[in-house]
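Please examine the sequence and the three-dimensional structure shown below.

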Amino acid sequence: MGIKKIVFIVLGCICLALGTVGVVLPILPTTPFYLVTACCFARSSDHLNSWFKGTKLYKKHLDSFVKKEGMLASTKACILTTVTILMGIGFFFMSRKGIWIPCIILAVVWIAHMIYFLFFVKTIQQKDYSHVERTVKRGK
């Protein structure tokens, strides 16, 4: 096994752990960590990739997004709230020290993030998403 595969497996496992902690801890965003996990596992091992895509967590948080169907409003709200809080904390501390160029960069990134999730990621209604929940409950 090459070094590249090992690095992707380790990074994927770390992101999987952080994403799973983010399910219960609102300060960590679940979906971005799971996206990185999916990318890392896809590049490292077919077995890990298949396993991860078969988990309930993947199906609940990422499956519809990866299939370009969109995201639940609650998932989008959680992501946007977490990002806003974390970037706001960074902005607050940098602005207190008078570090304005990183503040401007952070504000631009935040605005781009908001525009992307609000206008380019389709919002799925809960009833449209019920087929995924049934699949998750059955374990398929």
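The model shown here is predicted. Its secondary structure comprises 8 helices and 2 strands. Read from the N terminus, the elements follow the order α-α-α-α-α-β-α-α-β-α. The protein has 140 residues, and buried residues make up 34% of them. When contacts between residues at least 6 apart in sequence are considered, 62% join residues at least 24 apart. The accessible surface amounts to about 9,000 Å², and 71% of this area belongs to carbon and sulfur atoms.

Which residues of α1 are buried? They are Phe8, Ile9, Gly12, Cys15, Leu16, Gly19 and Gly22. Around the axis they cover an arc of only 145°, so they lie on the same side of α1.

Asn49 is located in helix α3, which consists of residues 46-53. Is Asn49 buried or exposed? Its relative accessible area is 14%, and a residue counts as buried under 20%, so Asn49 is buried. Apart from neighbours within four places in sequence, Asn49 is in contact with Ala38, Phe41 and Ala42.

Phe41 also takes part in ring pairing. The structure holds 6 aromatic pairs. In one of them, the ring centres of Phe41 and Phe52 are 5.9 Å apart and the planes stand at 85°, so this pair is edge-to-face. Because Phe41 belongs to helix α2 (residues 30-44) and Phe52 to helix α3, the pair ties together parts that are 11 residues apart in sequence. Both Phe41 and Phe52 are buried. A further pair joins Trp51 and Phe52; it is tilted, with 6.5 Å from centre to centre and 45° between the planes. The two partners of this pair can be described in turn. Phe52 has a relative accessibility of 0% and counts as buried, whereas Trp51, with a relative accessible area of 43%, is partly exposed. Ring pairs link Phe41, Phe52 and Trp51 with Tyr34 and Tyr58 into a cluster.

The last topic is the nonpolar cores. How many residues has the largest nonpolar core? It has 10 residues: Phe65, Met71, Ile79, Leu80, Val83, Met87, Leu106, Met114, Phe117 and Val121. Two or more residues of this core come from each of α6 (73-96) and α7 (100-120). Helix α6 gives the most, with 4 residues. Leu106, a member of this core, touches Met87, Gly90, Phe91 and Met94 when residues up to four places away in sequence are not counted. A second, separate core has 9 residues, among them Ile9, Leu16, Ala38 and Leu62. Ile9 and Leu16 are also among the buried residues of α1, and Ala38 is one of the residues in contact with Asn49.

Key: Residues are numbered from 1 along each chain as its sequence is written. This is a predicted model: local features need pLDDT of at least 70, side-chain atom pairs count only at pLDDT 80 or more; totals for chains, interfaces and linings use all residues. Side-chain values use heavy atoms; hydrogens and water are left out. Buried means under 20% relative accessible area, exposed over 50%, partly exposed in between (1.4 Å probe, protein chains only). Contact means heavy atoms within 4.5 Å. Rings of Phe, Tyr and Trp (its six-membered ring) pair if their centres lie within 6.5 Å; planes under 30 degrees apart count as stacked, over 60 as edge-to-face and the rest as tilted. The arc is that of the directions from the helix axis to the C-beta atoms. Accessible areas come from the Shrake-Rupley method with a 1.4 Å probe; for residues, only the protein chains shown count as cover. A nonpolar core is a set of buried Ala, Val, Leu, Ile, Met, Phe, Trp, Tyr and Cys residues joined through side-chain atoms within 4.5 Å.
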